[in-house]
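Here is a short tour for a first look. Keep the sequence and the 3D view side by side while reading.

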Amino acid sequence: MSAARIEVIVRDGGSVVRLSGRWTLATTSQRVADLAGELSRVASPAGSWDCLNLEAIDSAGAILLWRAWGRAMPSDLSIKPEHWRVFERIEAADHEPRAALVPLSPLHGVMVIGSASIGVGRHLVDFVALIGQFGLDLVHVLRNWADLPSREISANLYKSGVRAMPVTALVGFLIGVVLSYLSALQLKQFGADIFIVNIIGLGIVRELGPVLVAILVAGRSGSAMTAQLGVMRVTEEIDALATMGVPRGLRLVFPKVVALTIALPLLVLWSTAIALIGGMVSAQVQLDISYGFFFQTLPRVVPAANLWIGLVKGAVFGAFIALVACHFGLRVRPNTESLSANTTASVVSAITVVIILDAMFAIATRSIGLPPV
Amino acid sequence: MTTVIRIRDLSTRFGDVWIHKGLSLDVQRGELVSLVGGSGSGKTTLLRMIIGLLMPDQGSIEIFGEPLFGGGVARERSLRQRFGVLFQHGALFSAFNVFDNIAFPLRELKRYDEGSIHDLVMLKLSMVELLPHHGKLMPAELSGGMVKRVALARALALEPELLLLDEPTAGLDPDRSDSFVRLIRMLSEELGLTVMLVTHDLDTLAALSTRVAVLAEQRILAYGTTDEIIQIDHPFIRNFFLSERSVRALQNSGLVAVHH
């Protein structure tokens, strides 16, 4: 293959630029900048161009020449008719040069804040509507028990409950060990060894158990739910359901919320138990506190109300994680970018919501379940 | 005449089922070859092997006289830049708008400045009969016919010599499909392309192809012009070309004489 060549031939009365070789993307793309520079050097407004020796030209090669010519055919051009057609096509298409970047408006900062607040407002309205729809579905199911989507609920219970048991157990056990180990170091200095039971018991049953499990489940099941609903939007499966008269609220949102509301307290119970075992083992190793003593002291220093608070928290966290996941899943627009953005937003929002709710619980239950002093 | 695609003794197996057995095919430069065959006869599999998405179990495929695999990344890439592919559903990048979809292969070359890329993309848009303002649309906002046109523009972005089309008119209404076929025909004549297409649609086949390859019984059963193919007495060919509906389509294109 012969490369693209440029020669300047000086004749009496002026110069002619003679182009030869193959002006195709394959032969020119390696040295586009060089060719463009050379062309602009030899191009003059009244110059003549001889393209009769061109072996081949495609649109990539022709655009190079077209730009050197200042986006117009030169007045003195000799070219083969089949190559002329390439330029005709470019001339016909060339009615809109590249738009310059619009400069930032001076109010840009205000606009960013404004559109962000409008966005948050829309999210809130949609989220309230989703909760309302869930309430309506709940009333509907209570009246028409046959419409209960029991298979979906059971499938979701298995996926987000049973399958999460190993990971919540592992994390719970390690947190119990770490908490107990760190507390033991401090308590030893004061000779207050036996208070390890109070610290681990209250901390895990009331706070750490529910919050840890909720964060794990938000990352694990929340993202899965958002991605699933999002892909169903992309592939128009949700529209297909709607045309069959299957309400998406009842079939897609309701089972997820119900299943997670049931599964999360059970997971809280499970991982709290494992975390207490972890703490107990660590306390025995560090402070020589026997398992028997730990078991006997635990119910006395941690009233049962704390367990109920933990379980109620779990249920509320579960409901909100599922609702947030569904909210973002149903907002996915049919492209990959939107899917990833909404899945990220879903997990981040779910974890934030869990921590906000936990703070509200802490204030609301501040006089309940504390051991007698 | 140079051979653009050369397939020798290709055999493919999915599990225990042989899809192709000793399949050979040559496509010459400048031809428009339609590949036809029943459902599940391995047309799309064959196309995916020619593109290099699947490796053949046995046999060889050469494009422009070179094997598809081996010889380093740079060689494989420069070979792949010499052919364009139009996927059945377009396969546009859903996160990019139309302009960026067509500009993507050009930007990947990392040789052109944004001004040249803009000019080239506008040219490709006008080649597939779309307007400059369509460049701002997202793939999800396009109609089926427009998706195909944008995908064709993207396939043509690197000035390929060979164009491979998978069901180019599937899912288009007859009117759109006619105009899309006309567009492919016009472009292939103007740009001197070699075209290979997989199709079910006899209208497309009759309007586009210079030759037809019939894939049946795990091999190329027949390869020739439409006239030659319909003379062959084989159950699949009789069924495909000489059913009432097919004869009507071929009559419209003037390939079969009307007889009662």
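## A buried tryptophan and its partner

A:Trp69 is buried, because its relative accessibility is 11% and the cut-off for buried is under 20%. A:Trp49 is buried too, at 3% relative accessibility. This is a predicted model.

Eight aromatic pairs are counted over all chains. In one of them, the ring centres of A:Trp49 and A:Trp69 lie 5.5 Å apart. Their planes stand at 70°, so the pair is edge-to-face. The pair joins distant parts of the chain. A:Trp49 sits in strand E3 (residues 48-57) of chain A. A:Trp69 sits in the loop between helix H3 (59-68) and strand E4 (76-78) of chain A. The two residues are 20 apart.

## A tilted pair between two helices

A:Phe127 and A:Phe320 also form an aromatic pair. This pair is tilted, with 6.3 Å from centre to centre and 40° between the planes. A:Phe127 belongs to helix H5 (residues 108-143) of chain A. A:Phe320 belongs to helix H12 (residues 304-329) of chain A. The pair therefore ties together parts that are 193 residues apart in sequence.

A:Phe320 is partly exposed, with 25%.

## A buried threonine in chain A

A:Thr272 lies in helix H10 (residues 248-287) of chain A. Its relative accessibility is 4%, so A:Thr272 counts as buried. Which residues does A:Thr272 contact, leaving aside neighbours within four places in sequence? They are A:Ile204, A:Val205 and A:Gly209.

## Helices H3 and H5 of chain B

Now turn to chain B. Helix H3 (residues 98-109) of chain B packs against helix H5 (residues 144-155) of chain B. The angle is about 25°, and the axes are 8 Å apart. That angle makes H3(B) roughly parallel to H5(B). The crossing of H3(B) and H5(B) is right-handed.

H3(B) brings B:Val98, B:Asn101, B:Ile102 and B:Pro105 to the contact. H5(B) brings B:Val150, B:Ala153 and B:Arg154. By class, the residues of this contact between H3(B) and H5(B) are five nonpolar, one polar and one charged.

## Helices H5 and H6 of chain B

H5(B) also packs with helix H6 (residues 174-191) of chain B. Here the angle is about 10°, with the axes 10 Å apart. H5(B) and H6(B) are therefore roughly parallel to each other. Their crossing is right-handed.

On the H5(B) side, the contact uses B:Gly145, B:Lys148, B:Arg149 and B:Leu152. On the H6(B) side, it uses B:Arg176, B:Ser179, B:Phe180, B:Leu183, B:Ile184 and B:Leu187. The contact of H5(B) with H6(B) divides into five nonpolar, two polar and three charged residues.

B:Ala155 lies in helix H5 of chain B. B:Ala155 counts as buried, at 9% relative accessibility. Which residues does B:Ala155 touch, not counting those up to four places away in sequence? They are B:Gly84, B:Val85, B:Pro160 and B:Leu163.

B:Ala155 and B:Ser94 are 61 residues apart in sequence. In space they are 16 Å apart, C-alpha to C-alpha.

Notes: Residues are numbered from 1 along each chain as its sequence is written. Chains are lettered from A and ligands numbered from 1 in the order in which they are written. This is a predicted model: local features need pLDDT of at least 70, side-chain atom pairs count only at pLDDT 80 or more; totals for chains, interfaces and linings use all residues. Side-chain values use heavy atoms; hydrogens and water are left out. Axes are lines fitted to C-alpha atoms, for helices over the stretch in contact, and angles run from 0 to 180 degrees between N-to-C directions. Helices (H or I, at least four residues) and strands (E, at least two) are DSSP runs, numbered from the N terminus. Angles under 35 degrees count as roughly parallel, over 145 as roughly antiparallel, 65 to 115 as roughly perpendicular and the rest as oblique. A crossing is left-handed if the near helix is turned anticlockwise from the far one by less than a right angle, and right-handed if clockwise. Contact means heavy atoms within 4.5 Å. Ala, Val, Leu, Ile, Met, Phe, Trp, Tyr, Cys and Pro count as nonpolar, Asp, Glu, Lys and Arg as charged, and the others, Gly among them, as polar. Rings of Phe, Tyr and Trp (its six-membered ring) pair if their centres lie within 6.5 Å; planes under 30 degrees apart count as stacked, over 60 as edge-to-face and the rest as tilted. Buried means under 20% relative accessible area, exposed over 50%, partly exposed in between (1.4 Å probe, protein chains only).
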